[in-house]
Structures are given as structure tokens and as C-alpha cells.
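This briefing sets out selected local features of one structure, grouped by topic. Please read it alongside the sequence and the coordinates.

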Amino acid sequence: MTLPISPDGVSQGRRSRSVGVGRAHAKAVLLGEHAVVYGAEALAVPLPQLTVTASARWSSRRTEGPGDVSFTVTGPLSRPVAAQASDGLRRLVRQFSPTPRTEDGAHLDVTLDCAIPHGRGLGSSAACARALVLALADLQGRQVTEDETFDLVQTAENVAHGRSSGVDARAVGAWAPLLFREGEVRELSVGCRGVFVVADSGVVGRTKAAVEQLREGFQRHPGAKEEFLRRAALLTEEARHALAEGRAEQLGTRLTDYHEVLRAAGLSTEGIDGLVGAALTAGSLGAKITGGGLGGCVIALTTPEQADEVEQRLRAAGAVRTWAVPLRGSFRE
């Protein structure tokens, strides 16, 4: 199916420009972390307040060879993003079909203006890669489809994270909540009224370590993998139906239940558990860690009336920043 994307999302194809521009945004996983790698479903929502803009232009500076590229990263969180913007994004540039300019060894200057904190499970690397793909397409006057964009973003994601499920690559370009499974996505029906509050713990998550820890646990305990996937699949399915049918309290309960599944697997931390507890004490309908684990962010579902209080309690409990995202069918509304 064709997914809703931003007006700047997929290049429509036109004559080459002196500067190409592309944009993407953050995402948060509601349920399905880790299970999605094993073929289970995951639910994700876009976070349109957190954006990255890429600009690309040809430079007259001396080049070191064909496909020479330099990156400049700006924004309040630029330093850690700059560190991640090397190998994966350089490979993405090489993967992007060359034009005569690149074959002649022209130097490419790329600027990434990123407001998405790195290592928090919010899709910063995928968003940077998507914005870059669209900027390159815009620069070269090319048309790229959503599937082509996804494949190119996955090129960078697989370098950054190893084997990537693909949920980030899809969600950072979507404008509606998504159901993701094995590379395929569809929009979720939304019947609930509420607000998602995302809280940054200030601690970089460790996705690769979490994936390995979970795999080792499966190997040590016969049947653990099957039970983890069964429980994850059931909670995700029940949450999807609750979201569609307007049962916000049940949706919140499923979020908290999924946090317990991840916590039992050792993928949470004391600080994350403290934030989940603070959100629930403040009146959230449910809360959980979001992303790969061992750090990162918490996502809480609350009513619009309670959202401010939840944000205040989360900051008092140690969150370095929070964002409130109204729950609706399309984030372009």
C-alpha cells in the first residue's frame, strides 16, 4: 500500500538543483521491540516534533576520489549524531546510483540539521538516512519511490545496527501510526483519544548489547524464546485492537504489561523503571520503555487533561526532556 508521507517525503522528480533538501522525523515503538526481529508484529507512531533536515550540494573543493563526501551536523544534539553519520551514511551515498558528477569525482557536501537525540530508540539514524536519500534525489532531480527509499535507508541501518528489522526505516517517513511486520506496513486504525508523553532518560540505549543479551537468554533457557514471542505477540495484538476500538485504558495496560516483559528479560534499567513508575503515579494509563533497551526513552499514554502533570512528574524523576504527542489517525491533521 502507499503510506502517508510528508509533502517533502518522496522526490517527485525534476531538473537537477544546486542544493537538494530532504526531511524526516523521529518515531517511537509502542509494542513489539525485539519480537519484531523474529518476525512478530510491532506498532509504531511518528514523532513529528523531532525532525532532521538534510541538504546536499556539489562542492568545488579538491576531492580525494570518486564519491568523496563530507558531513556537517548541526543542531543542539549534533555531536553524537556526527559520530554516527560516517560509515552507514557514506555507504548509502555510494549505494545511491551515481550521476556523471559523482563518476567525475565531484565532492559532495552534506549538512544534517538534527533535533533527534541519538541512541534513545527514536530512530535518529534512520531519520538521518531517509533525509539524506531525499536530499540526494532532490539534488539530482530524480524520482524515488517509498520502497526504494526504504531499501536505501536499510543500507545505512544495517551498518549502524547490524541486522535491522526495518521498522525505523518505515516509521520515520510515515504520518500515521503503523503496524509493521517483516518489512511490510499498514496504517493503524485509531479510535482512542489521548496523548503519548515521551521522556528521555538521558542515557544512551545499547541496542546491540540488548539484542545479544536476549539471544543468550534464549539459548540458556529452553522455551524462553517461544514464551517471549507468544507473550509479545498477544500484547501487541490486544493493543492494536484497543487502539482501534477506543479502549484507551486497555491500551495503556498493554503498554505496561509489555514493559514488564522487557524488564523480566533484563532489558530495562533502574532509571527507566523509575520513570515508568513516575508516569504511572502521575496518572498515566500505561507506560513502558521504548526502543532497544538498556537506556533510552519511556513512552506513556495519558489523557490530554493529565499530560502536563505527567510531563512534570517525569522531569522531576530524572527525565532530561519530554515531548507530548497527541494520539490521532494522521499527524498531518
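F180 stands opposite V185 in strand 6. Four bridges join strand 5 (residues 178-181) to strand 6 (residues 184-187), and the two run antiparallel; strands pair if DSSP finds at least two bridges between them. The model is predicted: local features need pLDDT of at least 70, side-chain atom pairs count only at pLDDT 80 or more, and totals for chains, interfaces and linings use all residues. Residues are numbered from 1 along each chain as its sequence is written, and side-chain values use heavy atoms, with hydrogens and water left out.

**Hairpin**
- Two residues lie between strand 5 and strand 6 in their hairpin, where E182 takes a positive phi near 50°.
- Helices (H or I, at least four residues) and strands (E, at least two) are DSSP runs, numbered from the N terminus.

**Helix 2**
- G88, L89, L92 and V93 are the buried residues of helix 2 (residues 87-95); buried means under 20% relative accessible area and exposed over 50%, with partly exposed in between (1.4 Å probe, protein chains only).
- These buried residues fall within an arc of 140° seen down the axis of helix 2, so they line one face of the helix; the arc is that of the directions from the helix axis to the C-beta atoms.
- Exposed D87 and R94 are carried on the face of helix 2 turned away from its buried side.

**Helix 10**
- I272, L275, V276, A278 and A279 are buried in helix 10.
- Seen down the axis of helix 10, its buried residues fall within an arc of 160°, so they line one face of the helix.
- The face of helix 10 turned away from its buried side carries exposed E270 and T281.
- Just after helix 10, G283 takes a positive phi of about 105°.
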